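Visitor: Please show me the structure, and then I will ask about it piece by piece.

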Amino acid sequence: TRGRLKLDFSDGLLWVWYISAWLNATCRLGRYRYPIFDFLIKYPISIFEIKEFLAAALNCPFDKILVVSSGENADPEIADEELDKLCCLCIGTEVEGDAAWLLNLYRIETTDDEIEKRIIAASQTKQIACYVPNDNWNGYLLTGSSPTPIQVYEDEEVAGENKYIFTNAI
C-alpha cells in the first residue's frame, strides 16, 4: 500500500499531510503522535548534508530519515510500512537573513530537551552553525561557530516572513 506526503502552503503556513489510500484517511503529521522541533542552520548546505547531520545528531540510520525541501513541489510517494519505519521526517525551508535553512523535524520519539541537546552536540562536533531555540523570549543558542554556544535573540523588528535576524542583546 502506498500513501503520499503532501506539503500544503496554500494559506501561507506549512501543513504536512499524509494521505493513505489503504487507510482511506488523511492526517496531519507531527500534530498527533510525535513532537515537532524547529531549528535553523546558519549557512547553506545541501539536503544530503542536512540528512547526514540529522543522522549523527539523532543517532538514527541515514536511510530512516526523510528530508524534503519546501522549495520543491514535494509530493513523494512512500509506502505506509516505510513511513512507519522513519525515525525522522524533516521539512526544510530556505530562509533569508542570518540563517539559510529552517528545519522542522517530525516523528522523533524523544523530548524537545533531548533533541535540543543532540542538535547542539552534533553542531559543535561537526562545526555546522545552528540557531537552536532555548527559551520563550525569542532566545536561541548559536552553536557550531565557536568553542561554546553563544546566546542570541531574534530581532523581530528587522526580521520578516522567512527572514531571521539575530542580535546578542535583548
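Visitor: What span should helix α3 have, and how far apart are its end C-alpha atoms?
Guide: The model is a predicted one. Helix α3 covers residues 112–126, which makes 15 residues. At 1.5 Å a residue they should span 21 Å, and this agrees with the distance between the end C-alpha atoms, 21 Å.

Visitor: Where around the axis of α3 do its buried residues lie?
Guide: The buried residues are Ile115, Glu116, Ile119, Ile120, Ala122 and Ser123. Their arc around the axis is only 170°, which means that they lie on the same side of α3.

Visitor: Which exposed residues does the opposite face of α3 carry?
Guide: The buried side of α3 is covered by elements including β4, α1, β9, β10 and β11. The face turned away from that side carries the exposed Asp113, Lys117 and Thr125.

Visitor: Which strands stand at the edges of the sheet?
Guide: The sheet is open and mixed, with eight strands in the order β5-β7-β9-β4-β10-β11-β12-β14. An edge strand has a single partner, so one of its sides is left without a neighbour in the sheet; this applies to β5 (65–69) and β14 (166–167).

Visitor: Which residue of β14 stands opposite tyrosine 153?
Guide: Strand β12 spans residues 150–154 and runs antiparallel to β14, with two bridges joining them. Opposite tyrosine 153, β14 places threonine 167.

Visitor: At about what angle does helix α1 run to β5?
Guide: Helix α1, residues 47–58, lies across β4, β5, β7, β9 and β10. Its angle to β5 is about 145°.

Terms used
Residues numbered from 1 in each chain as written. Predicted model: local features only at pLDDT ≥ 70, side-chain atom pairs only at ≥ 80, totals over all residues. Heavy atoms only, no water. Pairing = 2+ DSSP bridges. Helix = DSSP H or I, 4+ residues; strand = E, 2+ residues; numbered from the N terminus. Contact = heavy atoms within 4.5 Å. Axes fitted to C-alpha atoms, helices over the stretch in contact; angles between N-to-C directions. Expected span 1.5 Å × (residues − 1). Buried < 20%, exposed > 50% of the residue type's maximum accessible area, 1.4 Å probe, protein only. Arc of directions from axis to C-beta.
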